[in-house]
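Welcome! Have a look at the picture, then read on.

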Amino acid sequence: MFGSPGIALAGEPVTGFVSLKSRALVFYLAATGETHRRSHLAGLLWSDVAEERARKNLRDVLSNLRSVIGPFLEIARHEVAIASDVPLVADTAAFEAAVRAGGPASLARATALYSGEFLAGFYLSGAPLFDEWALGQREHYRLLALHALSDLTSFYIAQGQSLRAIDTLTQLLSADPWREDAHRQLMTLLAAAGDTGAAVAQYQRLRTVLRDELGVEPDDETEALYRQIRTGTHPGVSVQTAPVAPPSLLAVTPASNLPARTHPFVGRGQEVDRVLASIGDPACRLLTVAGPGGMGKTELVLHSLRELLASPQSRQYSDGVIVVSLHSVGGGGQPVQLAAAIGDALGLIASEPVPVDTLVIEHLRPRRVLLVLDSFEHMFGARDLVADLLTAAKGLMVVVTSRRTLGLSGEHLLTLHGLPVPAEDGELAGEWDFPALQLFRQQARTVAPDFDLDSANISAVARICRCVAGLPLGVMLAASLVRYLSVEEIAGELARDIRFIDEGTAGGQRGLRSVFERSWRLLEPEARHSLVRLVQFRGGFTRATAAALADASLSTLAALMDASFLQRVPGSTGAASRYEVIEVLRVFVAEQVNAREEEQLRSRHSGYFLHWLGEIADDLQGRGQRRAIEALSDDLDNVRAAWDWAVTRRDAEGLDRAALGLFRYYEMRSLFREGAERFIGAAQFLDGSELDRIRARLLARGAWFAFQLSRQQEARAWLEQGVTLFRDKEDRLEQLFCLNYLAAVMQHSGDYESAELHGEAALRLARQFADVHGVVVAQNILSQIAYEVGEFARARRLAQISLALDRERGNNWSTAFSLVNVGRALLALGEFANAVACFSEALKIRKAIGDPRGTGYCLNLLGDVAAAQDNIDEARLRYHDALGLFEGISNLQGAGESLLRLGRLALVAGDLAVAERTLLEALRRASLVGATPLQLGVLAELAVAFWHQGDPRAAELAELVLSHNATRGASRARLDWFGAAASAAGEPDCYDRLREVVASLLPVADSAVVAVEI
């Protein structure tokens, strides 16, 4: 049944089957090796038709099988099986027996038997239950095969059989291409065999797989191995390098007209290096330093030239470094005005018969000169003269500062942005860490000599620098106001209105507004038309959205970039370019539209992104998931603005259309607080009975986020309301959503019986409406319930079906959930290696998506494996990392689980004081979220801690845990040695007793105070 399945008798293929379902029935009977009731088989193969019709179909199939393989079947009135005396040979059974036997010979036999996936390519129409079973079996055998290949590889490596190890690793990676440790093993073996090229190629294959499928880079360990192989520091590889001696240069300082330095230059170290590198590059003869007005272009170039003149590099411009200021040049920016300005700077005297441009060209033709054309933006009509000069004078280098690029052939471009500023939530380590703060301090001391940065004002100065986006002119103007106002007052005013910055300047002559107005006047009408629409975007935009919402073509975007109103920024994928309006210009540009037009533009913007959210919802569950997540991450600020505008306008239909896509994104990225605020807030903003269904949808999704934020009662109430409302309105898919998530809430609170009832109801609905995602979620929840009650084999089986469905549809995020559930069951069954493989793959997926909650769960589980194998240091490290992630997103359930594990480690180490303190912290969190199973798990460990200390409370806690019907199997096993309380299991007052005991253990009862403490 591995690979393409078939049935044979005495080596000859059996034919004559009336349908695929006849063959499917034989496969099922052979694979299970059990006797099955007819009712079960009819439901398995014909779950989409009425029961009577299904039984009739089964009778037809059995009639066919009697004629084809009758002697080998036992067909009774109510049951069917393979005949017990038949010498049946199933490759699956032989494979599993060989894997379980272990040893190199058996494992080699097993890997030879595994010729492909279970029932590969065999699918039935109208039989979702059979397909689910087959998918679960497929994943089960796949994991066994990976386990066998991994163990066999380890044996071959230990025996020095490299070629065989390479073969098994190749086979393993064909089945599990994300297994990074196997890639490293293969790279090591190939390098040791002297095949460096193959080892490097293997690394490239791994990198491609991780990028294409998960969007991540290889681990640091893999990168280090790759570097060793490339550089020859790994065994079996050698690389010879020859030293290159640097040439010597004789410094000769050329003549120049640079103005004297009037103040220290701040920051821009990388940009200075770029300018100097361009000046020294023979391939670069025209460098344009571009950026908005006030960005410090001139200061950068002048400082770079001073650095140049102080170095040997300046000898290449032996005939001079000349600065030509164009600020005051008028005349419409014609070539003659530019030539005259250059001639004046060179000290040329034009005679009447010789045109000034000819005079300049002839002067420069034989010379080696570096020419700076400062503030070129209004001289655009004279750019052809620059091209003529460069063509005629082969030793000429031209550096231009401008708010727009020249667009000439061979032009190199350096675009300036604001000075680095502290992040809003970052720490201010010191004033010298950020150039914007340095510049503020420098300028402030020119008007207030006693001013300095200190711990009392540095936060306000950082806010000021962020308000002006690090624009040097903005920083300097703000700093000049410290003569009249405190930095806290300046920061407050700028936060309210950036235009305040010009109030302290003399008539605004050197203020930001005059600078921006000059740039605005340089724009063509078409570019202005698009720009006022582009300021509606938040966090940038793509060419597609710019065209759709701002009528902006690529040429328009290019013109706005050349004029320094836009900048190109990297997106998550790197495939689609993104652009954003220079932030400090946004307020000025927004003033160019009236209130009515602004409302129309915002409504158009909102409608576009809400519609896009509706369209992208399906991509978030399929093979385009990573691209969809990255696209949403790039446009999240636009999505937020669109959603919020729709809420204020009570656009219920738009919100409903966008809800599913935004819910899925928030859930995947663990943005629970934001999700709760937006969904619950929107639902509460809508009113009117005709909106009940939309409000209920929004509340149902907000309920899941509220649950993640420890608001269990609200979440359960909203989901229960949703189940009732959607059942009454016959909206089955929304009812399915509420049933699934209500089951999850119940399971987390320890109400396993109710959780299973709701999960089973959800699974029936999902199958009825062929909702694959609904099936996966329901089966994962049922798997978690089975795990909690100690039914580990059933938990694994349910999760493996979900995992196979996830892999088939390419939903990586959901795959990680299924992997975790499979891995937990495997860990409980003692299959450590396979459990680690599941958790590691899930961890890589979670990290790639940027899901801190999921990452934390994976780290906790990897810590569990380490603890089970007595690797205590690794376990502790995993638990601490997980705790930090959970507390960073206020996930008290996850944080409590990490603390429980850390407390258990302290107990094992005999550090009873640390154990008790840590477990009480875990109990605080568990109590805030009402997580009964977690509370019981903590109490079980506290009982052990108290027992070791001779504390009489140990017996009381053990009795409570053992008598509670929500106690997990692990907690029960932990306390079995108390024994006496086991007979009291299921006491009706156990929930009240639990609350009393927890209250007695926690010295702080007020939940608000506890929340602040933690």
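## A unit of strand, helix and strand

What do strand 8, helix 15 and strand 9 make? Strand 8, helix 15 (residues 383-392) and strand 9 make a right-handed β-α-β unit. Right-handed here means that, with the strands pointing away from the viewer, the path from the first strand over the helix to the second runs clockwise. Helices (H or I, at least four residues) and strands (E, at least two) are DSSP runs, numbered from the N terminus.

Before going further, please note that this is a predicted model: local features need pLDDT of at least 70, side-chain atom pairs count only at pLDDT 80 or more, and totals for chains, interfaces and linings use all residues. Residues are numbered from 1 along each chain as its sequence is written, and side-chain values use heavy atoms, with hydrogens and water left out.

## Strand 8 and its partners

Strands of a sheet pair through backbone hydrogen bonds, either parallel or antiparallel. Strand 8 (residues 369-374) runs parallel to strand 7 (residues 321-325), joined to it by five bridges. Strand 8 also runs parallel to strand 9 (residues 396-402), this time with six bridges. Two strands count as paired if DSSP finds at least two bridges between them.

Is strand 8 mostly covered or mostly open? Strand 8 is mostly covered, with six of its six residues buried. Buried means under 20% relative accessible area, exposed means over 50%, and partly exposed is in between (1.4 Å probe, protein chains only). In a regular strand the side chains alternate between the two faces of the sheet. In strand 8, Val369, Leu371 and Leu373 point one way, while Leu370, Val372 and Asp374 point the other way, and all are buried.

Now to an open sheet of three strands in the order 3-5-4, with antiparallel pairing. Strand 3 (36-37) and strand 4 (73-75) stand at the edges with a single partner strand each, so one side of each has no neighbour in the sheet. Helix 1 (residues 20-32) packs on this sheet and touches strand 3, strand 4 and strand 5, its direction making about 70 degrees with that of strand 5. For such angles, axes are lines fitted to C-alpha atoms, for helices over the stretch in contact, and angles run from 0 to 180 degrees between N-to-C directions. Contact means heavy atoms within 4.5 Å. Strand 3 and strand 5 (residues 79-82) pair in the antiparallel sense over two bridges, and the bridge partner of His36 in strand 5 is Val80.

Another open sheet has three strands in the order 11-13-12, again with antiparallel pairing. Strand 11 (541-542) and strand 12 (566-569) are at the edges, each with a single partner strand, so one side of each is left without a neighbour in the sheet. Strand 11 pairs with strand 13 (residues 578-581) over two bridges, and Thr542 has Arg578 in strand 13 as its bridge partner. Helix 23 (residues 554-562) lies across strand 11, strand 12 and strand 13, running at about 110 degrees to strand 12.

## Residues in loops and a helix

Most residues other than glycine have a negative phi, and most peptide bonds are trans. Ser670 is not a glycine, yet has a positive phi of about 60 degrees. Ser670 lies in the loop between helix 28 (652-668) and helix 29 (672-685), and is buried, with a relative accessible area of 5%. Ala770, also not a glycine, has a positive phi of about 50 degrees. Ala770 sits in the loop between helix 33 (752-768) and helix 34 (772-788), and is exposed, at 63% relative accessible area.

Val49 is in the loop between helix 2 (38-45) and helix 3 (51-69) and is partly exposed, at 32% relative accessibility. The C-alpha atoms of Val49 and Gly126 are separated by 8.4 Å, although these residues are 77 residues apart along the chain. Phe588, in helix 24 (residues 583-590), is buried, with a relative accessible area of 5%.

## The whole protein

The secondary structure comes to 46 helices and 13 strands. Of the 1014 residues in the protein, 52% are buried.
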